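Here are my notes on the model you sent over. Please read them with the coordinates open.

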Amino acid sequence: MNRAMKPLAYYAHSSMRQGNQIEVPIPYTIMGFETPVFLSFEDIYEFSNLQEISANCILVYMRYLEELCRINGQAEKFVFVSPSLISPVRTDTEDAGRRERADNLLSFLRNAPKERLYLVPHNRGRHWVLGVIDPWEDLVLYFDPLREKKRDDFTEIMNMALTDLKITTGEGIRRRRDCKTKISNRPCPLQEGSIECGYFILGENGLAM
């Protein structure tokens with residue numbers, strides 16, 4: 001275990017084995033509404049032992065990065081977006097699920113500040129990737145620590161959300177409304193195992209800043 005993780009692991013073992021949780025407030029700037037996230041013993045144990053991590057751990061880290069941006073005077077450059085906005089949802093059809101997730105992202109982008117980069121972690125099914133969205137250039141940068149060419153339904157969700165944004169707002173969008181969003185695979189460190197993707201995405205969030 002990394003030395004820096006030991007105090008956290010000790011706290012989890014000494015204070016959280018009986019079901020206690022750590023409550024972390026997540027602001028509306030990340031979720032679209034204010035809500036708490038509760039970290040369990042399992043969340044802390046998995047994170048401190050570099051095991052497969054939960055979406056809650058990623059959310060809390062994004063909360064930390066947002067605060068770091070404020071401290072460093074970068075709050076006007078980046079917006080951190082909850083992965084739950086585009087995570088798979090249960091619907092009657094696969095198409096309906098994509099539409100709902102695209103609508104979630106569209107609603108967030110409509111109400112969020114302009115001229116910023118939006119960092120959106122996405123879980124493709126036990127594998128984390130990162131999208132960095134520039135809505136006003138109609139561009140999405142795609143980071144995958146497995147460097148796979150397939151993006152599953154990520155491309156379709158981005159196209160639906162940003163096409164509708166062009167149609168409903170228009171102002172400030174620099175590409176034509178009938179053009180598809182440009183999604184560009186970007187190089188990032190290659191994970192060697194099967195469970196490190198969440199940590200790579202935490203790092204990519206920080207590097208994008």
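**Notes on the fold**

1. The protein has seven helices and seven strands. Both are DSSP runs numbered from the N terminus: helices are H or I with at least four residues, strands are E with at least two. Starting at the N terminus, the order of elements is α-β-α-β-α-α-β-α-β-β-β-α-β-α.

2. A word on provenance. This is a predicted model, so to speak: local features need pLDDT of at least 70, side-chain atom pairs count only at pLDDT 80 or more, and totals for chains, interfaces and linings use all residues. Residues are numbered from 1 along each chain as its sequence is written, and side-chain values use heavy atoms, with hydrogens and water left out.

3. The sheet. Five strands make an open, mixed sheet, ordered S3-S4-S5-S6-S7. Two strands pair if DSSP finds at least two bridges between them. S3 (78–80) and S7 (182–186) are the edge strands; each has a single partner, so one side of each lacks a neighbour in the sheet. On average, neighbouring strands are turned by 25° against each other, direction ignored.

4. One pairing in detail. S5 (residues 128–134) and S6 (residues 139–143) run antiparallel and are joined by five bridges. Aspartate 134 sits opposite leucine 139 of S6.

5. Helix packing. H4 (residues 55–71) packs on the sheet and touches S3, S4 (117–123) and S5; its direction makes about 155° with that of S3. Contact means heavy atoms within 4.5 Å. H6 (residues 154–168) lies across S4, S5, S6 and S7, at about 160° to S6. Axes are lines fitted to C-alpha atoms, for helices over the stretch in contact; angles run from 0 to 180 degrees between N-to-C directions.

6. Aromatics. There are five aromatic pairs. One of them is tyrosine 61 with tyrosine 64, tilted, at 5.8 Å centre to centre and 40° between the planes. Rings of Phe, Tyr and Trp (its six-membered ring) pair if their centres lie within 6.5 Å; planes under 30 degrees apart are stacked, over 60 edge-to-face, the rest tilted. Both tyrosines lie in H4, three residues apart, about one turn of the helix.

7. Tyrosine 61 is partly exposed at 27% relative accessible area. Tyrosine 64 is also partly exposed, at 46%. Buried means under 20%, exposed over 50%, partly exposed in between (1.4 Å probe, protein chains only). Of the 209 residues, 45% are buried.

8. Among contacts between residues at least 6 apart in sequence, 59% join residues at least 24 apart.
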